[in-house]
Amino acid sequence: MKEQSSVIASTRPLLSTRAGLWWGLLGVLAFSFTLPFTRIAIGGLSPLFIGSGRAVVAALLAGAALAITRQRPPTTIQWVRLAIVAGGVVAGFPLLTSFALTTTPASHGAVVIGLLPAATAVAVVLRTRERPARSFWVFAILGAVAAVVFAALQNGGLGSLTGADLLLFGAVLAAAIGYAEGGLLARELGSWQTVSWALIVVAPLMAVLTVVSALEQPPAATPVQWLAFAYLAAVSMFLGFFAWYRGLAIGPMAQVSQIQLVQPVMSIAWAALLLHEQIGWATAVGGLAVIACATLAVRTRLTDRRREES
């Protein structure tokens with residue numbers, strides 16, 4: 001099936017490489033506010049309401065976009081694959097990070113989430129049955145070890161991982177699987193269409209969870225907390241993907257995808273500026289170690305693919 005996004009297909013030859021990088025950077029910038037704004041929203045909204053409610057709002061926006069552009073519905077097999085995407089990036093990541101950030105700083109979460117680019121690369125390798133160099137697995141494992149050691153040391157020493165850390169690692173795993181399957185589906189359905197259909201497929205469940213959470217713990221948020229929630233729903237869950245996938249579509253995809261490696265740095269900076277969190281040497285060193293390993297893992301995989309194509 002050909003890409004349905006005729007706008008991207010028709011303009012791609014006219015756009016420069018720099019345009020793809022700028023669109024990708026805009027998407028990463030949008031995503032970098034997710035953890036700090038989640039931390040803000042939790043002050044007046046329950047984690048379940050934030051994780052599910054933002055998906056419901058985004059699904060309404062997605063439904064409108066799909067209807068206006070008259071997109072063709074996915075096939076049965078594609079619906080199944082969309083359920084995997086939705087379980088990872090629409091339900092799994094938002095819910096797990098929302099619960100985790102009730103007890104851990106956003107800067108701490110950003111370091112652990114910094115493992116996501118390498119985890120996504122691993123998920124793609126396993127999904128497509130690629131055979132990367134041994135160094136790829138070495139760097140991916142080192143990145144995971146660095147994230148675990150950082151989380152443990154910040155909680156008092158090795159062997160002292162908290163429930164929040166386990167939730168964050170679960171969020172990384174869920175998002176990596178969702179990104180990998182979504183990237184493959186985007187070649188068939190279109191980039192933003194894939195995200196939109198994924199929102200639609202899980203909307204009924206998210207709506208039920210939103211109602212249940214509102215009944216159990218009625219929202220009592222301030223205007224600032226509602227604005228943070230609105231950002232999570234409209235930008236982090238929906239519009240941010242427009243910029244991110246547009247950048248990937250313009251390409252070169254290998255270069256644009258590496259921009260995601262700066263997202264943890266941005267998130268830590270926003271946590272310091274917006275939440276006044278103290279960024280100590282442990283956070284700085286841990287963040288650099290995780291990002292370095294993720295960078296080496298992603299670059300190793302990209303180098304292997306270029307050699308196979310040449």
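Before I start, a word on conventions: residues are numbered from 1 along each chain as its sequence is written, and side-chain values use heavy atoms, with hydrogens and water left out. Since the model is a predicted one, local features need pLDDT of at least 70 and side-chain atom pairs count only at pLDDT 80 or more, whereas totals for chains, interfaces and linings use all residues.

Let me begin with the overall picture. The protein has 14 helices and zero strands, where helices (H or I, at least four residues) and strands (E, at least two) are DSSP runs, numbered from the N terminus. Of the 310 residues in the protein, 53% are buried; buried means under 20% relative accessible area, exposed means over 50%, and partly exposed lies in between, with a 1.4 Å probe and protein chains only. If we take contacts, meaning heavy atoms within 4.5 Å, between residues at least 6 apart in sequence, then 89% of them join residues at least 24 apart.

Now to helix H3, residues 34-41, which is largely enclosed by the rest of the structure, because seven of its eight residues are buried. Those buried residues are Thr34, Leu35, Pro36, Phe37, Thr38, Ile40 and Ala41.

Tyr245, leaving aside its neighbours within four places in sequence, is in contact with Tyr179, Ser191 and Val195.

Ala140 sits in helix H8, residues 134-154, and counts as buried because its relative accessibility is 10%. Beyond its neighbours within four places in sequence, Ala140 is in contact with Val122 and Ala297. Ala140 and Thr295 are 155 residues apart in sequence, and their C-alpha atoms are 9.4 Å apart in space.

What about aromatic pairs: how many does the structure hold? There are eleven, with rings of Phe, Tyr and Trp (its six-membered ring) paired if their centres lie within 6.5 Å, and with planes under 30 degrees apart called stacked, over 60 edge-to-face and the rest tilted. One of them joins Trp192 and Phe242, a tilted pair at 5.6 Å centre to centre with 35 degrees between the planes. This pair links distant parts of the chain, since Trp192 is in helix H10 (residues 191-216) and Phe242 is in helix H11, 50 residues apart. Trp192 counts as buried at 12% relative accessibility, whereas Phe242 counts as partly exposed at 29%.

Finally, the cavities. A cavity is a set of points, on a 1 Å grid over the protein atoms alone, where a 1.4 Å probe fits but cannot get out, and lining residues have an atom within 4 Å of a point. The structure holds five cavities of 30 Å³ or more, and about 300 Å³ of space lies in the largest cavity. That largest cavity is lined by 22 residues, of which Phe31, Phe93, Leu116, Tyr179 and Gln263 lie nearest its centre.

Definitions and conventions. On a 1 Å grid over the protein atoms alone, a cavity is a set of points where a 1.4 Å probe fits but cannot get out, and a pocket is an open set with protein on both sides within 12 Å along at least five of seven lines; lining residues have an atom within 4 Å of a point. Grid points are joined across faces, edges and corners, and a volume is the space filled by probe spheres set on the points.
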